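Please look through the sequence and the model below before reading on.

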Amino acid sequence: MLKKVRNAYPAWLLVAALTACSQHYDPAVLSNDLDWIDLSYSFDASTLYWPNNTKGFEHFTEAEGETALGYYYSSYSICTPEHGGTHLDAPIHFAKNKSTLDQIPLSRLTGHAVMIDVSRKALADRDYQVSVEDIENWEKENGSIPDDTIVLFRTGYEQFYPNREQYFGTSKTGPEAIPELHFPGISPATAQWLIEKRSIKALGLDTPSLDYGQSKEFKTHRILLGRDKPGFENLTHLGRLPAKGIYIVALPMKIAKGSGGPLRIIATVFAE
Ligand SMILES: [Zn+2]
């Protein structure tokens, strides 16, 4: 019953409530009734980082257990490279003078999204790059990507996470791993097409990088981030999303001057 009511919300009402831009709707009234899908991995010792990050996620125990006064207390420290696990690439990662992590407008991190599933091709070819044709095929079925949309690509590679060899294409780490990286990404032509022909807020996918593993020049990063738009990498649970009718909240840790950082990204689905 609740589901019926929820699905009856028109998209504009949901957006108005979630962005709290209307004085007429209390965001809590609608958001309390939403089912959120977590598109993030947990951070722990198994979290995958780019091969040149020799240290991964570290979680130190500062205090844990019963205190002298008889109550329980725990506190930990964390240490992590910016780019690993589910994380956000800030524009400055590949574009000088563009936004650092803390400068990205919240409006670019929240909003409508579409999910383009290329897993059939990507699972058959570790070097697959999402093509313009993939988007045109999606649009034939779903209509043109609306303005101000976050575009998510599903390659199916989450099924390999956190097995480094299967996910990256090599179990090696360090500089010698780089030439052996084989995983799908978004072609530079596709990124350029999306920037020029559509109005996108951000791109995201379920692989370690916007560019495919064999990329040397990271052109897709440079095209997207060069337009001051962020990227979301190492996403999960994209298979639980429909092609459209998705609302995303993607909030990274607010690291001053950061080039990227750990990202909590969640989605909710509504009928259009
Ligand atoms: Zn990154």
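**Core, strands and helices**

The largest nonpolar core has 56 residues, and V151 and L152 are the members that touch the most others. The model is a predicted one.

- Apart from its neighbours within four places in sequence, V151 is in contact with V114, I116, I145, L194, I200 and L203.

**Strand β11 and its partners**

- Strand β11 spans residues 246–252. Five of its seven residues are buried, so β11 is largely enclosed by the rest of the structure.
- With strand β5, residues 110–117, β11 pairs in the antiparallel sense over four bridges. In this pairing, A113 has I246 of β11 as its bridge partner.
- With strand β12, residues 260–269, β11 also pairs in the antiparallel sense, here over seven bridges. The bridge partner of Y247 in β12 is T268.

**Residue I246**

- I246 counts as buried because it has 22 C-beta neighbours inside 10 Å, and the cut-off for a buried residue is 20 or more.
- Residues up to four places away in sequence aside, I246 touches H112, A113, V114, M115, L241, A267 and V269.
- D125 is 121 residues from I246 in sequence, and the two are 28 Å apart in space, C-alpha to C-alpha.

**Helix α7**

- Helix α7 covers residues 188–197, and its buried residues are P188, T190, A191 and L194. These residues lie on the same side of α7, because they cover an arc of only 165° around the axis.
- E196 and K197, on the other side of α7, are exposed.
- An α-helix has 3.6 residues a turn, so residues three or four places apart point the same way.
- The cover over the buried residues of α7 includes strands β6 (129–130), β7 (149–154), β8 and β9, together with helices α5 (132–142) and α8.

**Helix α8**

- In helix α8, residues 219–226, the buried residues are T220, H221, I223, L224 and L225.
- Strands β4 (87–89), β8 (185–186), β9 (200–205) and β10 (231–233) are among the elements that cover these buried residues, as is helix α7.
- After α8 comes D228, which has a positive phi, near 65°.

Technical notes
Residues numbered from 1 in each chain as written. Predicted model: local features only at pLDDT ≥ 70, side-chain atom pairs only at ≥ 80, totals over all residues. Buried ≥ 20, exposed ≤ 12 C-beta atoms within 10 Å, placed from the backbone. Helix = DSSP H or I, 4+ residues; strand = E, 2+ residues; numbered from the N terminus. Contact = placed C-beta atoms within 7 Å. Core = buried A, V, L, I, M, F, W, Y, C linked by C-beta atoms within 7 Å. Arc of directions from axis to C-beta. Pairing = 2+ DSSP bridges.
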